[in-house]
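Me: I am new to this structure and would like to learn how to read it. Could you walk me through some of its features, one at a time?

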Amino acid sequence: MPKQATRRDQNIASYVYGIVPADMELDSDDRGLGDPPGKVELVRHGEVAAMVSDVDVEQPLGKPGDYLAHERLLDSAAARTPVLPFRFGAVMATPESVVEELLKPFHDEFRAALQDLEGQAEYIVRGRYVEAALMREILTENPEAAALRDAIRSRPEDATRNERIRLGEIIAASIEAKRDMDTRQMVDALSGHFSTAVVRDPSHEQDAVHLAMLVRTDGQRALEEALSQVGERWEGRVSLRLLGPLAPYDFVIAQEQGV
Amino acid sequence: MTTSVQPAATGQMAGRPTPTGLADVIDTILDRGLVIDAYVRVSLVGIEVLTIDARVVVASVDTYLRFAEAANRVDMSQTGEKGLPEVLEDTKGAAGVDRTKNVVQGALEAADEKLTDIVESHTARRKAPRSRRDEREEEE
């Protein structure tokens, strides 16, 4: 049976993970999304290629396993080669359309972007305040907060609602100010280790730092050391995590429609 | 509490950042990366993509009340809390710490793994053994 007919019968489409150099070699561990995991293939055109796998159009995408598979494949590739990650959920009709409508028209753009990324990957630093230490810090620094806290200390919650709201408001504002300051300190402490950095929005109310950086993968060890020094300074106050190497999600800019 | 210690507690490396990973992953892949229809609009296949609402941080009265309660709970006489390394040491002995260290460093080495704790200066201060790549390969 011709392949085309099979694809149509089964409503198979091509899920696109990202763009890589055409000479990239897939790893035997590389698996796509779906159940069972899709077989990842490279669809090449000229010097660029798309990482794709077959996906069943009848099945909605978005199970936790789908997200993880998307991200693992791209991050694993990013550790080995430059990669332009697509946002989750990019699906095209056939491998032929991936070539004709994606790789061919944008070949030079993709190639240039991949060259810019050569040797680099994304790393994310996340810092979360240690709650008790944070509260102690704020209460020590802010007399009004300390007074409010004393006022609610031994009284029932219902009777101190206004004081509680005011105290919480002060705390929220203090956290925001601390986050700004600590983020700036982190950027300063790590400068020289990244080529570009983007401050991400906090995704938790006690986030201290959320920073995405483009870093040379051969500079990872030095980055870790610089981060450890900040970690020592902030010990017991902020818990830090370093994620990476990741595909450079924060550093690929989608072409604006109509531009 | 930092989450990447979990693999250490549950045994050596299923190896991948699991539930913790998911939050970070969703954070990243749902609103970042290239968008295919900015390039091609015609040939998108009509496939249903389930997405999760972005978690937005909005300060509300609820948040304020929660913060106030957190402040209320804090014992100001206490000079410092135990850090994670100390807690680990207390509960599991030095072996527990070493294990964490190995997991963390293994993750650093493995190209396709990405969950790393740098926090515990305690842990991080210890320099990596030269042979850790080899160790990791043995584990696999």
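Me: Let me start with one residue: is A:Asp180 buried, exposed or partly exposed?

Reply: The general idea is a set of cut-offs: buried means under 20% relative accessible area, exposed over 50%, and partly exposed in between, with a 1.4 Å probe and protein chains only. A:Asp180 has a relative accessible area of 44%, so this residue is partly exposed. A:Asp180 sits in helix 7 (residues 161-190) of chain A; helices (H or I, at least four residues) and strands (E, at least two) are DSSP runs, numbered from the N terminus.

Me: Before we go on, what should I know about the model and its numbering?

Reply: This is a predicted model, where local features need pLDDT of at least 70 and side-chain atom pairs count only at pLDDT 80 or more, while totals for chains, interfaces and linings use all residues; side-chain values use heavy atoms, with hydrogens and water left out. Residues are numbered from 1 along each chain as its sequence is written, and chains are lettered from A and ligands numbered from 1 in the order in which they are written.

Me: How far apart are A:Asp180 and A:Val209 in sequence and in space?

Reply: In sequence A:Asp180 and A:Val209 are 29 residues apart, and in space 8.2 Å, C-alpha to C-alpha.

Me: What about A:Gly38: buried or exposed?

Reply: With a relative accessible area of 11%, A:Gly38 is buried. A:Gly38 belongs to the loop between strand 1 and strand 2 of chain A. Leaving out residues up to four places away in sequence, A:Gly38 touches A:Arg31, A:Gly32, A:Leu33 and A:Ser53, where contact means heavy atoms within 4.5 Å. The C-alpha atoms of A:Gly38 and A:Asp54 are 6.0 Å apart, although 16 residues separate the two in sequence.

Me: Which peptide bonds here are cis?

Reply: As background, most residues other than glycine have a negative phi, and most peptide bonds are trans. Here the bond from A:Asp35 to A:Pro36 is cis, with omega near 0 degrees. A:Pro36 lies in the loop between strand 1 (12-21) and strand 2 (41-45) of chain A. The bond from A:Gly244 to A:Pro245 is also cis, again with omega near 0 degrees, and A:Pro245 is in strand 9 (residues 238-246) of chain A.

Me: How is chain A divided into domains?

Reply: Domain bounds come from an automatic or database domain assignment. Chain A has domain 1 (3-118) and domain 2 (121-251). Their centres, taken over C-alpha atoms, are 36 Å apart. Nine residues from domain 1 of chain A and eight residues from domain 2 of chain A make up the contact.

Me: Which residues touch the most other members of the largest nonpolar core?

Reply: In soluble globular proteins, nonpolar side chains tend to be buried together. A nonpolar core is a set of buried Ala, Val, Leu, Ile, Met, Phe, Trp, Tyr and Cys residues joined through side-chain atoms within 4.5 Å. The largest one has 56 residues, and A:Val16, A:Ile19, A:Met51, A:Val98, A:Leu103 and A:Phe110 touch the most other members. Helix 2 (residues 64-78) of chain A gives the largest share of this core, seven residues. Each of domain 1 and domain 2 of chain A supplies at least three residues to this core. Another core, of 40 residues, lies apart from it and includes A:Ala172 and A:Leu211.

Me: What does chain B look like as a series of elements?

Reply: From the N terminus on, chain B runs α-α-α-α-α-α-β-α-α, with eight helices and one strand. Chain B has 140 residues, of which 46% count as buried.

Me: At what angle do helix 5 of chain A and helix 4 of chain B cross?

Reply: Axes are lines fitted to C-alpha atoms, for helices over the stretch in contact, and angles run from 0 to 180 degrees between N-to-C directions. The axes of helix 5 (residues 131-141) of chain A and helix 4 (residues 61-73) of chain B come within 9 Å and cross at roughly 90 degrees. The two helices are therefore roughly perpendicular; angles under 35 degrees count as roughly parallel, over 145 as roughly antiparallel, 65 to 115 as roughly perpendicular and the rest as oblique.

Me: How do helix 7 of chain A and helix 4 of chain B cross, and how close do their axes come?

Reply: Those axes come within 7 Å and cross at roughly 90 degrees, which makes helix 7 of chain A roughly perpendicular to helix 4 of chain B.
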